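User: Please take a close look at how side chains pair up in this structure. Where do the partners sit, and how open are they to the surroundings?

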Amino acid sequence: MSERDGDGWVTCGRGHQHWGRFGAAGLLIHHRGPGGVRVVLQHRALWSHLGGTWGIPGGARDSHETAPQAAVREVAEEVVADLSALRTEESYVVDHGGWTYTTVLASLPEPVPVAPGSSESTAIAWVELAEVGRLKLHPGFAASWPLLSEALRGR
């Protein structure tokens, strides 16, 4: 197993505290079917940073990882699902001045069953695109959602 050296808090150029010494990344898994687009969201455990909110599975990048590698690794740690048909796509980066969060879009040809894979989640669920904005979202994800949802609608 590769060295896990990314865990830890850092202060960005804006003065905010963030988890991930080398930035962080998450995977926005989506599926387009007859009923429209659905995405996989994680309901964060109450004990976690900004717990009780919905977002995407993700976490700290290690020094040797690309953002897509980190995002896929984090999903494998946090979600129980058959992701063998997962296809990563483009990435969207939010830069906080010395610290970045990268959202990697990824698609699945079928909406496979999903479940929490660690204590970091109280739920993992497929959510219809139109319903996402009605949830209590993690603030970082909420700020990125207009851009991300527009990218998914354009597919």
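Analyst: Buried here means under 20% relative accessible area, exposed over 50%, and partly exposed in between (1.4 Å probe, protein chains only). The model is predicted, so local features need pLDDT of at least 70 and side-chain atom pairs pLDDT 80 or more, while totals for chains, interfaces and linings use all residues. Residues are numbered from 1 along each chain as its sequence is written, and side-chain values use heavy atoms, leaving out hydrogens and water.

The aromatic rings come first. Across the whole structure, 3 aromatic pairs are found (rings of Phe, Tyr and Trp, the last by its six-membered ring, with centres within 6.5 Å; planes under 30 degrees apart are stacked, over 60 edge-to-face, the rest tilted). One of them joins W9 and W19 edge-to-face, with 5.2 Å between the centres and 70° between the planes. This pair links distant parts of the chain, 10 residues apart: W9 lies in strand β1 (residues 9-11) and W19 in strand β2 (residues 17-19) (strands are DSSP runs of E, at least two residues, and helices runs of H or I, at least four, numbered from the N terminus). W9 counts as partly exposed because its relative accessibility is 44%. W19, at 36%, is partly exposed too. Another pair, W99 with Y101, is tilted, because its planes meet at 40°, with the ring centres 6.4 Å apart. W99 is buried at 6% relative accessible area, whereas Y101 is partly exposed at 23%.

The charged side chains come next. The count is 10 salt bridges (a side-chain nitrogen of Lys or Arg within 4 Å of a carboxyl oxygen of Asp or Glu). R4 takes part in a bridge with D7, at 3.8 Å from N to O. R4 is partly exposed, with a relative accessible area of 31%, and D7 is likewise partly exposed, at 44%. R4 also meets E74, at 3.9 Å from N to O. That pair spans 70 residues of the chain, from R4 in the segment before β1 to E74 in helix α1 (residues 67-78). E74 is buried, having a relative accessible area of 4%. A further bridge connects E74 to R73, whose closest N and O atoms are 3.0 Å apart. R73 is buried as well, at 16%. Through shared partners, salt bridges join R4, D7, D62, E65, R73, E74 and E77 into one network.

In short, the bridges of E74 reach both R73 and R4, and R4 in turn meets D7.
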